[in-house]
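This report describes one protein model, element by element. The sequence and structure come first, and the account of the contacts follows.

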Amino acid sequence: MEAMLRIRAALLLSALALLSLLVRSYSQEIQISNAERRIDLTSHIVKVFLTLKVENVGTSPASEILLAFPPSQVDHLALVKAAATVGKRKKKSYLALDVIPTELPDAPNGTKYFSISLLNPLSTGETATLEVLYILTHSLEPFPAEISQSESQLVYYRDSALILSPYHIKKQITFFKTPSSKLESFTRVEPTNHAGAELKYGPYENYPPYSFLPIILHFENNNPFAIVEELVREVEISHWGNLQITESYRLAHAGARHKGMFSRVEYQSRPSISGVSSFKHLLARLPPRVHSVYYRDEIGNISSSHLRTDPWKSELEIEPRYPLFGGWKATFVIGYGLPLEDFLFESPDGRRYLNFSFGCPLVETVVNKLTVKVALPEGAKDPSAVIPFPVEQHLETKYSYLDIVGRTVVVLEKNNVVPEHNSPFQVYYNFNPIFMLAEPLMLTSVFFLLFIACLAYLHVDLSLRK
């Protein structure tokens, strides 16, 4: 038995060694001739735009390109997108590419990888230009961690002056964009240039794979750090013509914690100085033709909201009962109705499907945990959901007014949601129109039984009087 285990272990080690050798040889077949990285730090959501010009210097075609991330960034990675550039100048277009996480053996220092699948294999000597977008959340660290009402908010951002990559990079440059020109300090890795709200690192030439030069930026960022700790969106379909939406929010300010006393007089009299990092209103972008909008919390209805509508969109500006400083929280509910014909359709195979938007309607917010519940009409069968990114799915049963067997609820859950996740998704199901008669027949039966009971009561009452 021990001999068999040793043989299996030896075979496994040999396979891993072979795979590692293949990975090393693959990384040597690709080199990046030019790389440009632009990191947007103007919000609490960090957006990184990466342009890579890759070249196949090996002897065999390459069908994928690897992106490398340090472990500290993988935990905060919300989204990775990639596209191939086709054409030049005015005729330039972008074709989306598939990006999937992948595991490689012998990854140095716990490096994590994403694989970009090319549309066509890259032959020897050929080049391709890739555009990559990845988004990081909870990556700005407030320092100092506590500030008073009259202080500005300063934050740290940690990264590398060099692009972490499994390939040799011939030339690279990195730009950081900050909210203002107030940059307290930054790590210098020559050549480095600071002008206004932009910080430039590079160009750097001929750095080997997995090169890493840690840097720290300390700058002012008074933008609202609006974090939705949990959002539950309930979408209820009624085939009688209405789509009812109920959204329950648990909102928090994730910036530097407020210390000391809060003075509303100072806050209102000196708005440009007092509480500059706080926020007192939020903007929710809702679908067009919205109606029956309400905004309330545990106390009751909140009247400090403004709804603006036009044929293309609806915007709801809401104000919590009090301004939110760092560490403060608020809970509230937004509800509204929508015409069913704008979102419910029939597929060629006869199935019905809901086409709705995933994500959070609030602008520039991060949702730590998002739950979308789609309540189908009673009698709906064989539900299935189509979402453009990975989510957790399961089914529940919900009972509403006049329901007999209950309604099937499709539950979609996702963590670390950013505005770029506001993409359409579909929920397909089969439905027999005969079920639409269930509630009217039930109401008719109830009224008929009540009518019979009243007649019987009157008959007994008349008999007793005689």
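Leaving aside residues up to four places away in sequence, Tyr201 touches Ala161, Ile173, Thr174, Phe176, Phe186, Thr187, Arg188, Val189, Pro191, Thr192, Ile215 and Leu217. Contact here means heavy atoms within 4.5 Å. The model is predicted: local features need pLDDT of at least 70, side-chain atom pairs count only at pLDDT 80 or more, and totals for chains, interfaces and linings use all residues. Residues are numbered from 1 along each chain as its sequence is written, and side-chain values use heavy atoms, with hydrogens and water left out.

Tyr201 belongs to the largest nonpolar core, which has 51 residues; Tyr201, Leu41, Tyr157, Phe176 and Leu217 touch the most other members. A nonpolar core is a set of buried Ala, Val, Leu, Ile, Met, Phe, Trp, Tyr and Cys residues joined through side-chain atoms within 4.5 Å. Buried means under 20% relative accessible area, exposed over 50%, and partly exposed in between (1.4 Å probe, protein chains only). Strand β3 (residues 62-69) supplies the largest share of this core, six residues. A second, separate core has 48 residues, among them Leu338, Ile387, Leu412 and Phe425.

## Overall composition

The protein has four helices and 30 strands. Both are DSSP runs numbered from the N terminus: helices are H or I of at least four residues, strands E of at least two. Of the 466 residues, 42% are buried. Among contacts with a separation of 6 or more, 74% are between residues 24 or more positions apart.

## Pairing around β11

Strand β11 (residues 168-177) runs parallel to strand β1 (residues 30-40), and eight bridges join them. Two strands pair if DSSP finds at least two bridges between them. Glu36 has Ile173 in β11 as its bridge partner. Seven bridges join β11 to strand β14 (residues 198-207), and these two run antiparallel. There the bridge partner of Gln172 is Tyr204 in β14.

## Two open sheets

β19, β22 and β21 form an open, antiparallel sheet of three strands, in the order β19-β22-β21. Its edge strands, β19 (282-286) and β21 (305-309), each pair on one side only. Neighbouring strands are turned by 15° against each other on average, direction ignored; axes are lines fitted to C-alpha atoms, for helices over the stretch in contact, and angles run from 0 to 180 degrees between N-to-C directions. Five bridges join β19 to β22 (residues 314-318), and Leu283 stands opposite Glu317 in β22.

A four-stranded open sheet has the order β24-β25-β30-β27, again with antiparallel pairing. Its edges are β24 (344-346) and β27 (381-386), each pairing on one side only. The twist averages 25° from one strand to the next. Three bridges pair β24 with β25 (residues 352-357) in the antiparallel sense, and Leu344 stands opposite Leu354 in β25.

## Salt bridges

The count of salt bridges is 22, each a side-chain nitrogen of Lys or Arg within 4 Å of a carboxyl oxygen of Asp or Glu. Glu198 and Arg38 form one of them, at 3.9 Å from N to O. This pair links β14, which holds Glu198, to β1, which holds Arg38, across 160 residues. Glu198 counts as partly exposed at 35% relative accessibility, and Arg38 counts as partly exposed at 36%.

Lys47 forms a salt bridge with Glu420, with 3.4 Å between the closest N and O atoms. Lys47 is in strand β2 (residues 46-56) and Glu420 in the loop between β29 (407-417) and β30 (424-430), 373 residues apart. Lys47 is buried at 19% relative accessibility, whereas Glu420 is partly exposed at 23%. In the pair of Arg407 and Glu236, the closest N and O atoms are 3.0 Å apart. Arg407 is buried, with a relative accessible area of 10%, and Glu236 is partly exposed at 23%. Salt bridges with shared partners also join Glu229, Glu230, Arg250 and Lys329 into one network.
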